[in-house]
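User: I'm new to reading structures and would like a close look at a single part of this one. Could you walk me through it in plain words and then show how other parts compare with it?

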Amino acid sequence: MSDRPAAALALLGIVAVALLIAGGALRYGRPGPSRAGARARRAELLPVEPAVGDRHAAFHRALRPWTYTALVAGLAVPLLYGLTPLGAALVGWLTAGPAPLRAALGGLVLGALAEVVSLPFAVRREIVLRRYGLSVRTWRSWFGDAAKSVALGAVLSAAALAALYGLLGASPRWWWAWAAPAAAAVVLLLAFVFPVLVEPLFLRFAPMEPSPLRDRLLALAERGGVPVRDVLVADASRRTTALNAYVSGFGATRRVVVFDTLVTGAPAAEIEAVVAHELGHAARRDVLAGTALAALGAAALCCLLHLVLAWPPVLRAAHATGPADPRSVGVLFAVLAVVGLLLTPVQNLLSRRIEGRADTYALELSRRPGVFAAMQRRLALTNLADLDPGPVPYLLFASHPTTVQRIAAAHAFARAADLPLDNPDVPGHPPEATA
Ligand SMILES: [Zn+2]
């Protein structure tokens, strides 16, 4: 078999395996209440004062232009690199030296320019976040974080490009067969070390102080059959007022992290409900499944890149003499941007199902749907969530079900399990709504 049919076949095979893994998550993940169905019941499930609703809407109206211009720029700049002589001109000034080095340096130039174009939109978004009190950081800290992420991305992409063009030079027709498993292995390794090597660059973590809350959370984990050595508290309050928690890593690096804003900003029962959701991710090994999908995605991308680079019209458009010519780096940027954008709605769809499943796990573990609904309400109000996302933002940006969907799920669980919707940990707290 010649190289191109082989790459196409490998691509199809990898996509099939990815679909099997994603299908497993979709099959077990309960779809939950539909967005449209939940939305119709918003006034009943998530009643808010008109002023509060207006403030949420104004916040999202203020963010939207910058979010969408960043999206358009993130696609347009790489397409200009790949489909016009621009990429070739930015990479081609390096005429001497080995191809891997020229590809890596050229990639740095293209990446730096793309960052410069997107920086103003990111700054505008940060200004909106500050105006609404969600961001409490200094510009020094903001630019420091941005510089750290850019530097990290630059090191990783320069290494990837040098390796890729090294392989391309050594085996122009079969480089992808080596690159695909290597890329998958690198993704697995990065996800494994991410919590211990990368997250500490941005947040400081400390084990939760001995306290009744900590005892409750560890008892909850034990009840759920999810061994947790510690719950880590991140000092997110130096940057944000938002409430959050997450799980990351797998195997020896797996951890449950809660923001300090959550620890000080929510009643213990609601923190317990948040952690129960995170334990749901741990119980179902969602991080591992997500990492496996990302690894397959990296392998598939290598096969796709070979098919694209072996297509003469693309190389002509990019003004590259052949796939191994470093001036084809612009094509890589374009393919990555297009594939990334096309996959975003798919990723979000899968993510929403996985998040819905973690919600179900949390409801079944704590059996306190009223507390769960109150927690969802608190998160939405504190984090200025979009209370009524339209279909396009839902498709493009919603990695979680909407707050109304999640509260509807809690109400449905209460009805099915015949449990009350009260919130006993907050004295005098009324049920969120009568179901
Ligand atoms: Zn989650």
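Analyst: Let's start with Val186, which counts as partly exposed because 17 other C-beta atoms lie within 10 Å; a buried residue would need 20 or more. This is a predicted model, by the way, so read every value as computed from the prediction. Val186 sits in helix 8. Along the sequence, Val186 and Ala298 are 112 residues apart, yet in space their C-alpha atoms are 9.1 Å apart.

What lies behind that pairing? Two packed helices are described by the angle between their axes and the distance between the axes. Helix 8 covers residues 175-202 and helix 12 covers residues 286-309; they pack at an angle of about 155°, with axes 8 Å apart. Since angles over 145 degrees count as roughly antiparallel, helix 8 and helix 12 are roughly antiparallel to each other. Their crossing is right-handed.

Now for who touches whom.

Most residues other than glycine have a negative phi. Arg285, however, has a positive phi, near 55°. Arg285 belongs to the loop between helix 11 (268-283) and helix 12, and it is partly exposed because it has 13 C-beta neighbours inside 10 Å. His319 is another case, with a positive phi of about 60° although it is not a glycine. You'll find His319 in the loop between helix 13 (312-317) and helix 14 (329-366). With 18 C-beta neighbours inside 10 Å, His319 counts as partly exposed too.

Helix 14 takes us to another packed pair. Helix 14 and helix 17 pack at an angle of about 40°, and their axes are 11 Å apart, so the two helices are oblique to each other. The crossing here is right-handed. Gly356, Asp359 and Leu363 in helix 14 meet Arg406, Ala409, Ala410 and Phe413 in helix 17. By class, that contact divides into four nonpolar, one polar and two charged residues.

Helix 17 has a partner in helix 15 as well. Helix 15 (residues 369-382) and helix 17 (residues 403-417) pack at about 175°, with axes 9 Å apart, and they are therefore roughly antiparallel. In helix 15, the residues that meet helix 17 are Pro369, Phe372, Ala373, Gln376, Arg377 and Ala380. Their partners in helix 17 include Thr403, Ile407, His411 and Ala414. This contact has eight nonpolar, three polar and two charged residues.

Leu108 lies in helix 6 (residues 99-131) and is partly exposed, because 17 other C-beta atoms are within 10 Å. Leaving out residues up to four places away in sequence, Leu108 touches Ala154 and Ala158.

Val228 is in the loop between helix 9 (212-223) and strand 2 (231-234). Is Val228 buried or exposed? It counts as buried, because it has 20 C-beta neighbours inside 10 Å. Leaving out residues up to four places away in sequence, Val228 touches Leu218, Ala221 and Val256. Val228 and Arg255 are 27 residues apart along the chain, and their C-alpha atoms are separated by 7.6 Å.

Key. Residues numbered from 1 in each chain as written. Predicted model: local features only at pLDDT ≥ 70, side-chain atom pairs only at ≥ 80, totals over all residues. Axes fitted to C-alpha atoms, helices over the stretch in contact; angles between N-to-C directions. Helix = DSSP H or I, 4+ residues; strand = E, 2+ residues; numbered from the N terminus. Parallel < 35°, antiparallel > 145°, perpendicular 65-115°, else oblique. Left-handed = near helix turned anticlockwise from the far one by under 90°. Buried ≥ 20, exposed ≤ 12 C-beta atoms within 10 Å, placed from the backbone. Contact = placed C-beta atoms within 7 Å. Nonpolar A, V, L, I, M, F, W, Y, C, P; charged D, E, K, R; others polar.
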